[in-house]
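This briefing covers the relation between the chains, the interface, and selected strands and helices. The sequence and structure come next.

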There are 2 protein chains.
Amino acid sequence: MPQLIAVDWGTSSLRGARLDDAGRVLEEKSAPLGILNVPNGDFAGVFAAHFSDWMKPAGSVCLISGMAGSRQGWHEAPYVACPAGPDELRRRLHWIEPGRIALVPGLSDERDDVPDVMRGEEVQIFGAMRLADLSEGLFVLPGTHSKWATVQGGRITGFRTCMTGEFYGLLSQHSILALTLEADAPLDEAVFLRGVTRAGNDRGLLHNAFGVRALALFGRLSPAQSASYLSGLLIGEELRLEELPLGREVITIGASALTARYALALEQRGARVRTFGAEATWAGARALLG
Amino acid sequence: MPQLIAVDWGTSSLRGARLDDAGRVLEEKSAPLGILNVPNGDFAGVFAAHFSDWMKPAGSVCLISGMAGSRQGWHEAPYVACPAGPDELRRRLHWIEPGRIALVPGLSDERDDVPDVMRGEEVQIFGAMRLADLSEGLFVLPGTHSKWATVQGGRITGFRTCMTGEFYGLLSQHSILALTLEADAPLDEAVFLRGVTRAGNDRGLLHNAFGVRALALFGRLSPAQSASYLSGLLIGEELRLEELPLGREVITIGASALTARYALALEQRGARVRTFGAEATWAGARALLG
């Protein structure tokens, strides 16, 4: 087994880990050098500055996932269409130095006449599958653009992106709701769950969002509560459209501040939730090696 | 019959009309002096500067609708709860000079545990009812915060606000979609209607909005088309939740650039559309006099 360096190079940050044969993390590092912050587009230089030490041992292999493989990244690694698992992606790695440094392609879902895309999340899903020893299930990756992916037979069969985090930022900072909303307030769980429940009505997000304003005008939501309520409305809107039979296991992957909110909302719907963090990325890179 | 001066004093503009006994407009004026732009909060001064000439004839009455009656306006005229028609509002006029100058209260819909509110649109609806000779129907007022109101027995029985215009502004100018979208492009009707149709699926606005990005990445929507498609998605999301039996008459009220889009979308759903503009505001003030 070669020494594996796993790198997640996204829009806003660069993170890497050096793994042992069993996939255990020996060392990690990160820098605020997302693909939009690479000086002069010198991806090779930034890569070398951070990882050349780790790459010294003969036979070292580095797999880079995330937006580094996009058109705005180091090189474009074209999307692989679903259904796809680690085998399909391994065959379509985009080698920058053959046998040594590769970009992991993203996934596309083209079952519909409107395509959907992900870059980086597919590796996290493969990693969570490995860590949870699952070859099927529902995987949720909350974030600016949340992903809901279905896995069957060890492959991602389809997924849905929701602009939940981005909508939260726009509404809480730039809309009329910002006038009576404290965006950084700590979570009020009860109010958050009221928002989740409210999203399940049949009046739509465009209307329910205005309810934040109306409740504030009527003195029924404080600025701190408004933040929790809006967060609940948006996450509830995401969940509203998922079939979640009672007791269904859902795997969430991401930073704990966000996955905790999804767990609250999912558990209210009767789902069982398991959560993974950064370790899913590293385990996913290991899964790609075979 | 006293001489009536009808004023619509909103967030961004001040408009007024002098009417004859039959409610015909003799003269109109407008200024970019919305309630947020009134110097030193001197509403009385701005009012006098624009309308004291018109108010000279003995017995002149001025009715002011819109945000001038909000907490941030001239005086707060508390909301009147639905169901309410011209009679209920006439009894609750907030007189600034008794018998001479009054603020029209807004409406609230409190059938639900989350209230909804409007200020100014109720007068436009009463006016359109009068002009169309209708005492029931579905009324749509597109805008930053669109209103869908149901009228029965000459009274507004309930309504729903949708933040459609505001979402369009946020998404087209401040989200990731802005990277590949020409917000001011002229309407492409076919692409707009594709967006309307797309909104009728069961995947939700948070997902469908991301489709604008994915379609652009795949070269299937130009920046100009993306604007029409996003507009269709949002208006389609509004329509999605309305029961619209084939041939149902819908009254739209507003500026023609917007009402034309709603007419396209509504007619695609099989509705019959009649449209009114500023004349609805003046006719509504007349209706309030009894």
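Predicted model: local features only at pLDDT ≥ 70, side-chain atom pairs only at ≥ 80, totals over all residues.

Residues are numbered from 1 along each chain as its sequence is written, while chains are lettered from A and ligands numbered from 1 in the order in which they are written.

**Interface between the chains**

- 34 residues of chain B are in contact with 34 residues of chain A; contact means that the C-beta atoms, placed from the backbone, lie within 7 Å.
- On the side of chain B that touches chain A, the elements giving two or more residues are β9 (116–118), β12 (155–162), α4 (164–174), α6 (205–217) and α7 (223–240) of chain B. Helices (H or I, at least four residues) and strands (E, at least two) are DSSP runs, numbered from the N terminus.
- α6(B) gives the most to this side, with 9 residues.
- The residues of this side divide into 17 nonpolar, 8 polar and 9 charged. Nonpolar covers Ala, Val, Leu, Ile, Met, Phe, Trp, Tyr, Cys and Pro, charged covers Asp, Glu, Lys and Arg, and polar covers the others, Gly among them.
- The copies meet through the same surface, because 100% of the interface residues of chain B are also interface residues in chain A.

**Open sheet in chain A**

- An open sheet of 6 strands has the order β3-β2-β1-β4-β7-β6 in chain A, with mixed pairing; two strands pair if DSSP finds at least two bridges between them.
- β3 (25–31) and β6 (94–97) of chain A stand at the edges with a single partner strand each, so one side of each is left without a neighbour in the sheet.
- From one strand to the next, the twist averages 20°; axes are lines fitted to C-alpha atoms, for helices over the stretch in contact, and angles run from 0 to 180 degrees between N-to-C directions.
- Strands β1 (residues 4–9) and β2 (residues 14–19) of chain A run antiparallel and are joined by 6 bridges. A:I5 has A:R18 as its bridge partner in β2(A).
- Helix α9 (residues 279–289) of chain A lies across β1, β2, β3 and β4 (61–65) of chain A, at about 125° to β1(A).

**Hairpin in chain B**

- Strand β11 (residues 146–152) of chain B runs antiparallel to β12(B), with 7 bridges joining them.
- B:Q152 has B:R155 as its bridge partner in β12(B).
- β11(B) and β12(B) form a hairpin with 2 residues between them, and B:G153 in the turn has a positive phi of about 55°.

How values were computed
Contact = placed C-beta atoms within 7 Å.
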